[in-house]
Amino acid sequence: MKIGPVRISHPFTQAPLEEHSNPCFRALMKRHGASLVCGERVDASHVASRDRRALRTLAAAPGESPCAGQISGADAVTMAEAARIVESLGFDIVDLNFDCPVRRLLDRGEGGALLADPPAIGRIVEAVVHAVSIPTTVKIRSGPNADQETAVEVSQRAEAAGAAAVSVHARSVAQGYVGEADWNVIARVKQNVGILVLGGGSVRSAADAVRLLRETGADAVAIGRGCLGNPWIFHQARSLWTTGTASPEPSARERIREMQRLVEDEFRFYGSTVALRRLPRTSCYFAKFLSNNAEFRAAVHKVRNLADFRRLTREYGG
């Protein structure tokens, strides 16, 4: 399977996750079998102005190819300039976010707000495609709300403008992340475009990922929140897809060790102050699988440095 010239070895990919999919996180997902990883969304205006924080968020790490860098914005010229920078940073794909339901983006007419204006999406995609030599992909939802499904039209316009693939989160913008995804919209998009279609939403397990492929005809699955604290989902899904049997669940010790590795990588990447602020979010997704989850979560909030965290993980079997 290819997105443009970029080869994707199997259908189980990591979806972009704001506040999560930094280089440390993407490396973890790669180690556990994600065929494609994607950075978190960054405002195109910040990238185009070469804001230092935006460029750090967008950083690509050696060895993580294939990897996509994701940007959002409503101005075609700015998006094109930001896409050039994404390419210059070493990403294999530039992904355009037209799905984010965060209110501040919607108020600016960006992210999911653009699903109400399919022609505008077509113009942005066309500008970006002409600006870069790497493939352009788009991330969308079913539409603005339950009464206005625009996914098929948006996907067709993106394809006509030169997009190499479309990733469909099967909820509306109004839904946010509440309620079950309606995978039927993924099937409708797949039936109406010729480019690759990735599907996502309500994929919490390897069985969900395989079922989405079978029920929708999608080419690949973009696994988002289902991989938080559970990077093993990629190997498990691939094994289930190819052999009919998922690889085994990790032990509590394996979960703690991978959690510790991710946290230590974040301390190196962000520095102590930011890493400590992120620590409850980063670690507690792993802890949710532990039998003593509540106890661990309470203890994490008392951690004051990396040494404290290492002692804590030793207490829990790391």
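Predicted model: local features only at pLDDT ≥ 70, side-chain atom pairs only at ≥ 80, totals over all residues.
## Contacts along the chain

Take the contacts (heavy atoms within 4.5 Å) between residues at least 6 apart in sequence: in the protein chain, 68% of them join residues at least 24 apart.

Residues are numbered from 1 along each chain as its sequence is written, and side-chain values use heavy atoms, with hydrogens and water left out.

## Overall build

The protein chain has 14 helices and 11 strands; these are DSSP runs (helices H or I, at least four residues; strands E, at least two), numbered from the N terminus. Its radius of gyration, taken over C-alpha atoms, is 19 Å, close to the 20 Å from the globule rule (2.2 Å times the number of residues to the power 0.38) for 318 residues, so the chain is as compact as a globular protein of that length.

Of the 318 residues, 57% count as buried, meaning under 20% relative accessible area, with exposed over 50% and partly exposed in between (1.4 Å probe, protein chains only).

Helix 8 (residues 184-192) has Val185, Ile186, Ala187 and Val189 buried. Their cover includes helix 7 (151-160), strand 9 (165-169), strand 10 (196-200) and helix 9 (206-216). Over in helix 11 (residues 252-270) you'll find Arg261, which counts as partly exposed at 42% relative accessibility.
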